[in-house]
Amino acid sequence: MPQLEQLYRQLSVLNTLWQAPWTVLITELSSTIKDILQAEQAAIWQVDHSDKALHLSHPILDAETFCSAPRQLKQFPLYFECLSKYKLLNLATINDQDVLAGQFDTAITFASPISELHIPLVLNCNLEGALVIGGIPQQTCSPQHLRQFLLALAGLISQRFYHEKTQQSELACQEMNRKLQATFDNAGEGIFMMRNEYFIDCNQAILHMFRCTKQQIMQKTPMHYSPEYQPDGQLSTVKAMERIRAAFDGQVQNFEWQHKRHDGTLFDAEVTLTVIKLDPDPVVHAIVRDITARKLAERQLQQSKALLVTQNQNLSLLNALSIQLHGCTSVKTIVEETLDILLELLNTPYIAIYLLDDDKQHLKLSRSHGFDDDIMQAGLRLPLTEGLNGTALQLGHTLVTSNMSSDSNANPKLMTLMQSINVNSGAFIPLIYQDEPLGSLCLLYEGNYVFDETEQDTFETIGKNMSLSLINARHMGKLEYMAHHDSLTGLPNRALLHHEFENNIACGPGMPAVLLLIDLDRFKDINDTLGHYVGDLLLQQVSPRISQCTQKYKTLICRLGGDEFTVLIYGRPDRNEIIQLTDNILNALRQPINIDSMLLEIDASIGVAFYPADGKDSHALLRSADVAMYDAKKRGGGATLYNREKDIHTPERLTLMAELGSAIRDDQLVLHYQPKVDLKNNKITGFEALVRWDHPLSGLLYPDKFIPLAEVSDAIHHLTDKVLDMALSQQQSWREQGHNYSVAVNLSARNLVDDRCVNSLKAKLKKYQTPAGMLELELTETALMQDPEKAVDLLTQLSKLGVKLSIDDFGTGYSSLSYLRQLPIDTLKIDRYFVNEMLKNEQDIIIVRSTISLGHNLDLKVIAEGVEDHETMAALRKMNCDIAQGYHISHPRNWPEMEQWLKS
């Protein structure tokens with residue numbers, strides 16, 4: 001027992017146990033265990049808490065005989081439980097069954113050999129491993145003493161584990177501190193710590209930022225390295241204390257701060273403040289980032305943004321100006337729009353816009369803003385080549401100055417006035433197009449205003465835009481003049497006549513007006529004989545002569561083209577006054593005109609139309625005047641007032657023309673019949689079929705209302721076909737009733753243009769089985785004379801069909817006797833114009849008598865139409881006229897009424 005105690009004391013104070021490496025310690029343990037226990041094997045197993053297993057860590061005696069595989073807690077829970085309870089185990093194996101059957105604790109005896117003795121290594125009540133000793137022979141010492149020795153030995157080994165762990169922790173802490181200090185010292189961002197408002201530590205980045213040494217910064221306050229005021233105007237001391245207090249309240253502070261270096265220069269920084277709990281007192285931990293470069297970039301970005309905003313504003317200005325001026329043809333509007341845009345977007349306090357004066361030697365003030373009357377009067381008219389405006393025009397580009405008072409080009413008088421309102425800076429923008437001066441644009445500012453490059457570019461563009469608009473307005477003005485004036489006479493043309501009428505007469509309630517349309521007579525003869533040059537000189541003399549006659553009136557004299565002129569008279573002179581005026585104009589135009597020593601004479605025809613009676617607008621009024629003018633020409637010249645009754649081209653007539661087609665298709669046409677009487681026996685021989693239009697709105701329309709409309713289109717062919725159908729159908733009914741009446745139908749000149757009439761009539765004669773000689777076609781002399789050769793051919797074809805042919809209204813045309821001899825006609829029909837008045841007019845009775853004799857000599861029957869009394873009928877009978885027709889016998893009637901008349 002004393003020997004064991006002595007051995008334990010030697011081991012516990014042995015320096016090797018605590019300082020030497022495990023290899024040295026193992027040697028000591030191996031010697032001790034071998035000497036004391038005469039054991040054959042020994043090893044230390046250590047717990048790995050991560051995988052909860054015992055691992056062979058330190059072999060002592062012949063440990064190779066041990067199984068080196070880890071001993072898992074989950075495999076041997078009872079084994080681990082016994083060791084954790086600080087029990088010694090004597091085991092052949094460590095299986096749970098062996099553990100249960102084996103000896104442990106006080107049951108272990110050394111009277112017989114021990115298989116394996118497992119001694120727990122426990123530290124702070126935690127199992128840290130096991131000392132395993134095998135091959136222990138029978139012992140002579142007290143088991144209790146040996147047991148205590150072994151547990152004490154295990155305790156020493158456990159203490160070595162603890163001592164080793166403690167040393168490792170201290171070394172790790174020292175390494176960590178070394179690394180932290182290195183990180184702190186070499187951090188890219190500045191770090192400092194304060195206690196009680198003073199710097200207590202900082203890294204190299206802080207020393208670099210503040211350009212100082214560590215000795216210079218220690219025990220200084222942050223205020224020593226801050227300006228008195230921060231950029232926002234706050235005191236640095238006040239603002240810093242606010243941030244520090246907030247950090248002590250647990251709020252992490254991130255903010256920008258302006259620091260002052262040791263040399264007094266300033267720099268911008270971003271600071272993060274936190275409070276760290278360190279013994280004995282908390283410290284303020286600060287991270288400082290130098291943001292000088294970022295601030296510079298931000299300022300540059302801000303400047304770029306400001307420049308971009310300015311450029312965008314300028315672009316907006318230019319775009320707005322361009323839109324406002326686009327297509328503008330009024331110089332006044334261009335000036336006003338430019339001024340409005342400049343005031344809205346540039347906020348220029350003083351603006352003056354000058355345009356070139358008519359004398360081409362001065363600039364004349366057109367519009368201005370901001371100036372008082374004295375300055376405006378002084379700058380009302382400036383020499384073109386003097387002053388700052390003149391200098392800009394000579395240079396050809398914008399002239400800017402921030403000190404006009406010292407500029408030798410400035411107008412002294414104007415400069416004195418400008419100084420009175422503190423104006424000393426200005427931009428003078430020339431308005432030029434292809435080196436031609438148009439004007440100048442002046443933008444003036446108070447004080448010494450500095451113009452940047454962007455503004456100057458904007459001014460230059462404004463000048464070009466306005467110059468282009470001004471020159472465009474000038475060109476458009478010329479084009480406008482050319483478009484509205486006659487190039488030969490300089491008079492307004494048709495377009496200006498309509499424009500003037502719409503804007504000054506027809507607008508609003510309208511004012512009365514009179515339009516004269518003058519067409520020169522015999523002008524074509526002069527043009528064809530003497531040439532267009534003489535004709536043009538003559539046309540130039542027309543307007544002055546008309547003007548002399550219209551001086552008392554407000555008028556607009558226009559040339560429509562060719563030899564047509566108009567006079568628009570504002571107001572409403574009475575008709576007699578207008579007639580007198582037209583007579584005066586005609587007399588003036590009839591006076592000889594001296595051209596190149598030749599006296600030429602012309603005449604004119606004038607049509608007169610009144611507004612609004614004769615036309616609701618200028619176009620309708622001109623049409624009415626044109627109708628009246630052509631009526632005057634038909635009368636041989638002179639002046640004629642428009643008469644709606646003589647106008648066959650009124651809108652109402654056009655409407656009728658459009659409705660005529662449907663009238664033919666819808667059976668709106670009816671026939672009235674007028675009897676023809678044989679003067680020898682006083683018997684009715686036949687009837688003339690006269691067409692009427694039973695209009696659904698206008699009632700019964702006579703041929704003079706719609707036949708002329710049909711004759712100007714193909715409707716005349718459909719109308720003639722319809723009339724022939726109706727007449728031949730009615731004649732067929734007469735025959736069925738036992739009456740052998742002939743029927744006469746009028747043909748138009750348009751029916752003779754081709755042979756469609758022949759083909760159509762041939763089919764109808766067959767359809768209605770009309771006997772030869774029972775259909776008579778009446779044609780006027782005028783119709784026959786339009787194309788005599790064609791008429792002869794077609795009439796011959798009609799005659800071969802067994803149709804009788806009659807010349808209607810004979811005596812009113814211009815047919816010759818030789819021509820009549822060529823025609824296959826059967827009857828001459830004397831016009832009512834001669835028959836009506838023959839008993840009162842000797843000339844008429846001679847014509848009637850001669851026509852009857854002529855007809856008989858040509859073996860033709862003669863019909864007298866327009867017989868309206870018994871005496872005329874008796875006289876015709878004495879002249880041996882064959883047939884009479886007229887109101888004396890009967891008015892035209894529809895067939896039911898005519899049938900009643902026949903019965904009576």
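Which side chains meet in a salt bridge with a distance of 2.7 Å, N to O?

Mentor: First, the basis. This is a predicted model, in which local features need pLDDT of at least 70, side-chain atom pairs count only at pLDDT 80 or more, and totals for chains, interfaces and linings use all residues. Residues are numbered from 1 along each chain as its sequence is written, and side-chain values use heavy atoms, with hydrogens and water left out.

The side chains you ask about are those of Lys524 and Asp528. A salt bridge here is a side-chain nitrogen of Lys or Arg within 4 Å of a carboxyl oxygen of Asp or Glu. Both residues belong to helix H17 (residues 523-530), where they are four residues apart, about one turn of the helix. Helices (H or I, at least four residues) and strands (E, at least two) are DSSP runs, numbered from the N terminus. Lys524 and Asp528 are both exposed; buried means under 20% relative accessible area, exposed over 50%, and partly exposed in between (1.4 Å probe, protein chains only).

The structure holds 31 salt bridges. One of them pairs Glu256 with Arg294, with the closest N and O atoms 2.6 Å apart. Glu256 sits in strand E10 (residues 253-260) and Arg294 in helix H10 (residues 292-325), so this pair ties together parts that are 38 residues apart in sequence. Glu256 is partly exposed, at a relative accessible area of 35%, and Arg294 is partly exposed too, at 33%.

Glu256 and Arg294 also belong to a network.

Another salt bridge is formed by Arg381 and Asp357, whose closest N and O atoms are 2.8 Å apart. This pair links distant parts of the chain, 24 residues apart: Arg381 is in strand E15 (residues 381-383), while Asp357 is in the loop between strand E13 (350-356) and strand E14 (362-369). The two partners fall into separate accessibility classes: Arg381 is partly exposed because its relative accessible area is 43%, whereas Asp357 counts as buried because its value is 13%.
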